[in-house]
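Reader: I am new to this structure and would like to go through it step by step. Could you show it to me, please?

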Amino acid sequence: MNELVLTEDSVLKPGNRKRDTWLGIMASVAIAWYFFNMTVFIMTIVMSDSAILGLYEAEQITYLMETPFWAKMANAVSVLAGLIGSAYLLLRRNSAYYWFMLCLVNLLILLLDAALRGGFQIMGPSLLGVSAASFIVGIYLFWAAYLAHDGGELNEE
């Protein structure tokens, strides 16, 4: 007859269950956030000229058209790394921490580009708001993944 032996490590503690639920909810919201960001990024690539002319002023269009390739790549990598990191966080994978780190580094590159080219003045408060929100979300997810990584809540690949 098979016997079930419960050890202290095999029993899920109430605090861990609550933390595990919160981690799942947070990862699900993060997936939605980065999926939305990816949709916006793709829309900016495929948007028609008439749509762009209707949304922006001449100086803003010039700023957007002169965005260097490396900044566009940093944006793409940031969004993709955030989406992958969120999925790995939902799956409780250890690499979520590293994906969020990559996301944050690329967000810093985007902020540097906007600051150097005067993007916050040209694009107005919308760029500052979007950049601040993205950076705050990125830092929070990196911090949460770090705590989960450090606390042993994430599994090896």
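Author: One definition is needed at the outset: a residue is called buried under 20% relative accessible area, exposed over 50%, and partly exposed in between, with a 1.4 Å probe and protein chains only. This is a predicted model, in which local features need pLDDT of at least 70 and side-chain atom pairs count only at pLDDT 80 or more, while totals for chains, interfaces and linings use all residues. Residues are numbered from 1 along each chain as its sequence is written, and side-chain values use heavy atoms, with hydrogens and water left out.

Reader: Is G119 buried or exposed, then?

Author: G119 has a relative accessibility of 0%, so it counts as buried. Its place is in helix 6, where helices (H or I, at least four residues) and strands (E, at least two) are DSSP runs, numbered from the N terminus.

Reader: What is G119 in contact with, leaving aside its neighbours within four places in sequence?

Author: G119 is in contact with Y63, A114, G124 and L127, contact meaning heavy atoms within 4.5 Å.

Reader: Let us step back. How many helices and strands does the protein chain have?

Author: The protein chain has 7 helices and 0 strands. Of its 157 residues, 31% are buried. Among contacts between residues at least 6 apart in sequence, 79% join residues at least 24 apart.

Reader: Which residues of helix 3 are buried?

Author: In helix 3 (residues 58-65), the buried residues are Q60, I61 and Y63. Seen down the helix axis, they fall within an arc of 160°, so they line one face of helix 3; the arc is that of the directions from the helix axis to the C-beta atoms. On the other side of helix 3, A58, E59 and M65 are exposed.

Reader: What covers the buried residues of helix 3?

Author: The cover includes helix 2 (49-55), helix 5 (96-116), helix 6 (119-123) and helix 7 (125-150).

Reader: Now helix 5. Which of its residues are buried?

Author: The buried residues in helix 5 are A96, Y97, F100, C103, L104, N106, L107, D113 and A114. The 21 residues of helix 5 should span 30 Å at 1.5 Å a residue, and its end C-alpha atoms are 30 Å apart, which agrees; the expected span is 1.5 Å times one less than the number of residues.

Reader: What flanks helix 5?

Author: Helix 5 is followed by G118, whose phi is positive, near 75°. R92 lies in the loop between helix 4 (69-90) and helix 5. The phi of R92 is near 60°, a positive value in a residue other than glycine. At 13% relative accessibility, R92 counts as buried.

Reader: How many aromatic pairs are there?

Author: The count comes to 4 aromatic pairs. Rings of Phe, Tyr and Trp (its six-membered ring) pair if their centres lie within 6.5 Å; planes under 30 degrees apart count as stacked, over 60 as edge-to-face and the rest as tilted. Y97 and F142 are stacked, because their ring centres are 5.3 Å apart and their planes are at 20°. This pair links distant parts of the chain, with Y97 in helix 5 and F142 in helix 7, 45 residues apart. Y97 is buried, with a relative accessible area of 13%, whereas F142 is partly exposed at 21% relative accessibility.

Reader: What about Y140 and W143?

Author: Y140 and W143 form a tilted aromatic pair, 5.8 Å centre to centre with 45° between the planes. Both lie in helix 7, 3 residues apart, about one turn of the helix. Y140 is partly exposed, with a relative accessible area of 33%, and W143 is partly exposed at 47%.

Reader: Which residues do the ring pairs link into a cluster?

Author: The cluster consists of Y97, Y98, F142 and Y146.
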